[in-house]
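Here are my notes for you, written as numbered points. Keep the viewer open while you read, and look up each residue as we get to it.

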Amino acid sequence: MKKNVLILCTGNSCRSIIAEALLNARLSDCLNAFSSGVAASGRVNPNAKKILQENHIWRDDYHSKKLETVIDVDYDLVVTVCGNAQETCPVFPGATEVIHVGFEDPDGLEYAAFKETYQQIESQLIPTIKDKLC
């Protein structure tokens with residue numbers, strides 16, 4: 001049975017969307033990834049979408065989501081990817097493990113910053129999640 005993981009950040013427009021897509025692309029045999037923002041922006045940053053499209057892992061159902069829309073899923077793991085989300089992360093029911101793996105926010109920066117964020121998530125977060133859930 002696949003595990004469920006939630007990637008949580010502030011705006012759910014860059015880091016958490018990239019992480020959701022990477023996890024769904026690389027670890028789809030063992031998990032379902034979701035993402036959300038504690039203060040969702042309601043939009044996906046165009047550069048985040050571009051990096052995912054270039055790597056052929058963009059799906060049209062990826063969008064910025066408020067926490068209330070994904071809170072009812074039973075998660076095996078919640079990962080905060082920014083300090084604000086780590087500080088404001090809600091309590092999840094049951095024995096849901098919450099960990100923090102932080103990344104700098106590329107929002108407002110040049111496209112190169114999104115490439116770097118993508119590579120960092122791929123090299124740091126994917127192995128961490130794989131070790132915990134797969």
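1. Let's start with a question: does Asn 24 count as buried or exposed? Keep in mind that this is a predicted model. Asn 24 counts as buried, because its relative accessibility is 11% and the cut-off for buried is under 20%. You'll find Asn 24 in helix H1. If you skip the neighbours within four places in sequence, Asn 24 is in contact with Leu 31, Asn 32, Ala 33, Arg 59 and Tyr 62.

2. Now go to helix H2, which runs over residues 46-54. Which residues of H2 are buried? They are Ala 48, Ile 51 and Leu 52. These three cover an arc of only 100° around the axis, so they sit on the same side of H2. There's a handy general rule here: an α-helix has 3.6 residues a turn, so residues three or four places apart point the same way.

3. What do those buried residues pack against? Their partners are helix H1 (15-26) and helix H4 (111-133).

4. Let's look at the H1 and H2 pair. In general, two packed helices are described by the angle between their axes and the distance between the axes. Here the axes of H1 and H2 come within 9 Å and cross at roughly 15°. That angle is why H1 counts as roughly parallel to H2; the cut-off for this label is under 35 degrees. On the H1 side, the contact is made by Ile 17, Ile 18 and Ala 21. On the H2 side, Ala 48, Ile 51 and Leu 52 make it. The crossing is right-handed.

5. Just after H2 comes His 56, with a positive phi of about 60°. His 56 belongs to the loop between H2 and S3. With a relative accessible area of 73%, His 56 is exposed.

6. Compare that with Asn 12, which is in the loop between strand S1 (3-9) and H1. The phi of Asn 12 is near 55°, a positive value in a residue other than glycine. Is Asn 12 buried or exposed? Asn 12 counts as buried, because its relative accessibility is 0%.

7. Lys 65 lies in the loop between H2 and strand S3 (77-80), and counts as buried because its relative accessibility is 9%. Its side chain makes a polar contact with the side chain of Ser 35, at 3.3 Å. Beyond residues up to four places away in sequence, Lys 65 touches several others, including Asn 12, Ile 17, Glu 20 and Val 70.

8. Last stop: Gln 120, in helix H4. At 23% relative accessibility, Gln 120 counts as partly exposed. How far apart are Gln 120 and Ala 19 in space? The answer is 9.9 Å, C-alpha to C-alpha, although they are 101 residues apart in sequence. Setting aside neighbours within four places, Gln 120 is in contact with Phe 103 and Leu 125.

Key. Residues numbered from 1 in each chain as written. Predicted model: local features only at pLDDT ≥ 70, side-chain atom pairs only at ≥ 80, totals over all residues. Heavy atoms only, no water. Buried < 20%, exposed > 50% of the residue type's maximum accessible area, 1.4 Å probe, protein only. Helix = DSSP H or I, 4+ residues; strand = E, 2+ residues; numbered from the N terminus. Arc of directions from axis to C-beta. Contact = heavy atoms within 4.5 Å. Axes fitted to C-alpha atoms, helices over the stretch in contact; angles between N-to-C directions. Parallel < 35°, antiparallel > 145°, perpendicular 65-115°, else oblique. Left-handed = near helix turned anticlockwise from the far one by under 90°. Polar contact = N/O pair within 3.5 Å; in protein donor to acceptor, adjacent residues only side chain to side chain.
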